Amino acid sequence: AMAASGQNVAVVVHRAGDLRLENRPIPEPGPNEVLLRMHSVGICGSDVHYWQHGRIGDFVVKEPMVLGHEASGTVVKVGSGVTHLKPGDRVAIEPGVPREVDEFCKTGRYNLSPTIFFCATPPDDGNLCRYYKHSASYCYKLPDNVTFEEGALIEPLSVGIHACKRAGVTLGSKVFVSGSGPIGLVNVIVAKMMGAASVVVTDISASRLQKAKEVGADFTVQVKNETPQEVASKVESVLGCMPEITVECTGVQACIQAGIYATRSGGTLVLVGLGPEMVTVPIVNAAVREVDIRGIFRYCNTWPVAIALLASKRINIKPLVTHRFPLEKALEAFETTKRGEGVKVMLKCDPTDQSP
């Protein structure tokens, strides 16, 4: 049923395979919250996974949950304690909000706080809806020259910023990015921005590797059915050396194995993509060659950095958006994402403003 435009249409997953458009009440912001009229929301692989499987690891959809966590919108109402935002402000939303000031918050690593609120991670509702309330401190004002879509893309971009920081990308780094989906692509963009001399990307899809070239990859390797060792040696031969840094964005066992074999002794492998809980990897190979293996969990302290980069036009992430759908066509948008078409599918939540 077509929901009336004045109401709060939301995209809700009920259980595996059951995705619906529903009307929700328009929320009232608390003292330190703002009510937002949502504009652009990107669809993430995790949103699709919750729809298809009803869970990711220990996070299980037990009751209906609004999806969406890559988002931007306009402030329409502010809580009594909010001073830095006012109605009409355009903002990008950081979806992870700590509920308490614990040891992780005190050390600036609030993403690791075990009680953190996170949009569209059970049991917390996301923001793929017309109206959404959020902690004002985690809404960041967008400069006039940064679009709503760029604002929504700050979320995946943040994964690249956090991963490349954890990897120690610096002036002259040789970097191997495994996987050329949206997260692989933002890692290419950020690694180049942070001074990487050359970046090589692998994927099974030729069209995705073409996109990697467009956003600045120096070399691409299309993987067919090579062994992990063969992939590693192909990476070395196109780079002219083994990369000091590997950013693994697929979570596929064979790719993690290739990441270990490919990384130069004394280098760093960052695991960004998450697959099965247990994977078999050549850990002794990594150990005896002093290859550091690091994980990342989402991001922290990245929104101000990302906004500064976008406002200064130092990076261009606009090419990541390949499809746009109005909120009413969310099911079609999700099907498109599931089929792996394009790169980033954007939903437009404001019926009066469908601009980028």
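Guide: Begin with the bounds themselves, which come from an automatic or database domain assignment. In this predicted model, the protein is divided into domain 1, covering 8-145 + 313-348, and domain 2, covering 159-295. Taken over C-alpha atoms, the centres of domain 1 and domain 2 are separated by 28 Å, and the contact draws 13 residues from domain 1 and 9 residues from domain 2.

Visitor: How much area do domain 1 and domain 2 bury between them, and which residues of domain 1 supply 46% of what domain 1 buries?

Guide: Domain 1 and domain 2 bury about 880 Å² between them, with 69% of it on carbon and sulfur atoms. On the side of domain 1, Ile315, Leu320 and Val343 supply 46% of the area buried against domain 2, more than any other three residues.

Visitor: How many salt bridges and polar contacts are found between domain 1 and domain 2?

Guide: The count of salt bridges between domain 1 and domain 2 is 0, whereas 2 residue pairs are in polar contact across the interface. The residues of domain 1 that touch domain 2 divide into 5 nonpolar, 5 polar and 3 charged.

Visitor: How should I read an aromatic pair?

Guide: A pair of aromatic rings is described by the distance of the centres and the angle of the planes. The whole structure holds 5 aromatic pairs; one of them, Tyr110 with Tyr138, is edge-to-face, at 6.0 Å centre to centre and 75 degrees between the planes.

Visitor: Why does the pair of Tyr110 and Tyr138 tie together parts that are apart in sequence?

Guide: Tyr110 lies in the loop between helix H2 (103-106) and strand E10 (117-118), and Tyr138 in the loop between strand E11 (131-135) and strand E12 (139-141), so the pair ties together parts that are 28 residues apart in sequence.

Methods. Residues numbered from 1 in each chain as written. Predicted model: local features only at pLDDT ≥ 70, side-chain atom pairs only at ≥ 80, totals over all residues. Heavy atoms only, no water. Contact = heavy atoms within 4.5 Å. Buried area = accessible area lost by both parts, 1.4 Å probe. Salt bridge = Lys/Arg side-chain N within 4 Å of Asp/Glu carboxyl O. Polar contact = N/O pair within 3.5 Å; in protein donor to acceptor, adjacent residues only side chain to side chain. Nonpolar A, V, L, I, M, F, W, Y, C, P; charged D, E, K, R; others polar. Phe/Tyr/Trp six-rings, centres within 6.5 Å; stacked < 30°, edge-to-face > 60°. Helix = DSSP H or I, 4+ residues; strand = E, 2+ residues; numbered from the N terminus.
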